[in-house]
Amino acid sequence: MVERVPPRSTRPRRCRRVLLASGAAALALTAGSVVPGAPLGGAVQEARAADGTSTLTVAVAQSVDSLSPFLAQKLLSTSVSRLMYDFLTNYDAKDNHAIPGLATAWEPSADKLTWTYTIRSGTTWSDGKPVTAEDAAWTFNKIMTDEGAAQANGSFVTNFRKVTAPSATKLVIELKEPQATMAALDVPIVPKHVWEKVGDFSKFNNDTTFPIVGNGPFFLTDYKVDQYVKLKANKDFWRGKPKFDELVFKTYKDQDAAVAALRKGEVSFVAGSPALTPAQATSLKGDKNIEVNEGPGRRFFALAVNPGAQTKDRKKFGDGNKALLDQRVRQALFLAVDRKTIVDKVFQGHAVEGEGYIPPRFSEYFWKPTAEQSLAHDPARAAELLDEAGYPLKGGKRVGPDGKPLDLRILCHATDPNDKAIGKYLQEWWGKLGIGLKVDCRDDVSVPWYAGEYDLAFDGWSVNPDPDFVLGIHTCAALPVKAKESAATDNFICDKTFDGLYRKQLAEYDPAKRADLVKQMQSWLYDSGYMNVIAYPNAIEAYRTDQIKSITTMPEAAGNIYGQDGYWSWWSADPAGGEGAHGASGSGSGSSATGAVIGAAALIVVLAGGGLFLAKRRRATADDRE
């Protein structure tokens, strides 16, 4: 799964952030759990309650778009899915290579058109029924045959011809063409006997009956919209029982309030929105029992252009400014953006200047433009392109062929201080070119985004070790079936050249050749002017060392804790004063838990976002998709 910050992965998983206030009353948890906001009398909560129950409290700046793995795209939501359901394979915490998950082995046929997976035997769903290959086959077939079930992960199965389960431990996937991502199918496997009763998958959010049947390291036991998601450890998880007994994700609208709660000991971990601001991180450094973790991020922060919203059958909708259909106008806008200033002033050095679509953390796929190709900061060249495109400067304003001034809108996440700060810079820089800009900040950007009623948007995705998903969201196949309906597409891009390159990389098994194709796709995106990657923000997060003894970062050497390509952080987290970290025998990545130390009387994840829980999942943006 890819997480998205919607519309800022995001991605993968995508990050369109939607955050609302939530009351402390929402934190009424089980006995021994910590209730954020409750008086502490100056004392920090203990790692374990009197009855021995341990809970971790994590504050994050995001709300849930859906608890259905068929709809979830935000980073928080897809992270929860990883905790609830097993995947066929996982990514190793050390170096991202594929390791066993629900599947213990996988093998292609000689022509690479048939893949056979051996499904782990002896595991059960939380209701006691056995987990079998039929559950996996049903999951993939549902995505293949039901458009409503394909919204989040449909791109993984577009090349599937047939999926069957000849036995309880054998899954067979037949392909139309060879597919290089068969050990990286980031799709949660769900229990057939539960989900086959669902009617309309496009509207079912999996949030009405608890506990939810699952087979991951945690079971979801309770959920309150824009308040918290509560999970309980699966004592029978095949990789080993999590050390914390409970895990709860709670929503904070005000990120500063979440930081204050960490300082008071009311929460154990703060992830930010999706990262802590440099000022917040600086304020926490030096505090007793608080550690700030910072590492290279797996997401990008970008400006996305509306290229003209359209459906799969090419019916146009929305009201995107037609001036942006001209590549010269798009490139002019990006030439006026000073990335270095944004990195220095907004991210205060805690980011790398943006270039290609894939962050440098994934070195094999990282691409940068040539000197001749680069759209580096050059306001003079931007003005020339606008003149060439037919938008001359008259009385301080750019005027189009229709005689109207060139005024644009950009969607902004109301809860993201970076969006707002960068929006002010854009107003200044584009204003000097004679272009007006309205920064439209909303708690929920998904409504205008899906409707195509925007010109530009702050966008971004958390990228998976395999980049297929974040590339697939820009293909024609990702477009919505009906106007204004949610779909896999990021910003309605549809181009034959890009689609052709996408199909080639998907079928290429040679790593070097595939990486070259992925770089060609990034080059096309860059030249098109549809996606302007401004920065690759570092992952900045903080936790209490007196509440968590140890926790695994990903990658282990210098990585992030929240929003991983797996469940390693929360599965490995060891309460302060607990039994000790997982040993190598319990870890699929072959190592003990390392890195941060976080703990609490209850595993509670505190979220810093909110909004009405819509039947139609919201768009997450930068850093939502996993």
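By class, the lining of the largest pocket holds 18 nonpolar, 10 polar and 13 charged residues (Ala, Val, Leu, Ile, Met, Phe, Trp, Tyr, Cys and Pro count as nonpolar, Asp, Glu, Lys and Arg as charged, the others, Gly among them, as polar). Keep in mind that this is a predicted model, where local features need pLDDT of at least 70, side-chain atom pairs count only at pLDDT 80 or more, and totals for chains, interfaces and linings use all residues. Residues are numbered from 1 along each chain as its sequence is written, and side-chain values use heavy atoms, with hydrogens and water left out.

A pocket here is an open set of points on a 1 Å grid over the protein atoms alone, where a 1.4 Å probe fits, with protein on both sides within 12 Å along at least five of seven lines; lining residues have an atom within 4 Å of a point. Volume is the space filled by probe spheres set on the points, which are joined across faces, edges and corners.

| Pocket | Volume | Lining |
|---|---|---|
| Largest | About 890 Å³ | 41 residues |

Nearest the centre of the largest pocket are Glu-147, Gly-154, Thr-158, Lys-312 and Ala-477. Helix H12 (496-507) is one of the elements giving at least two lining residues, and H12 has the largest share, 6 residues. Helices are DSSP runs of H or I with at least four residues, numbered from the N terminus.
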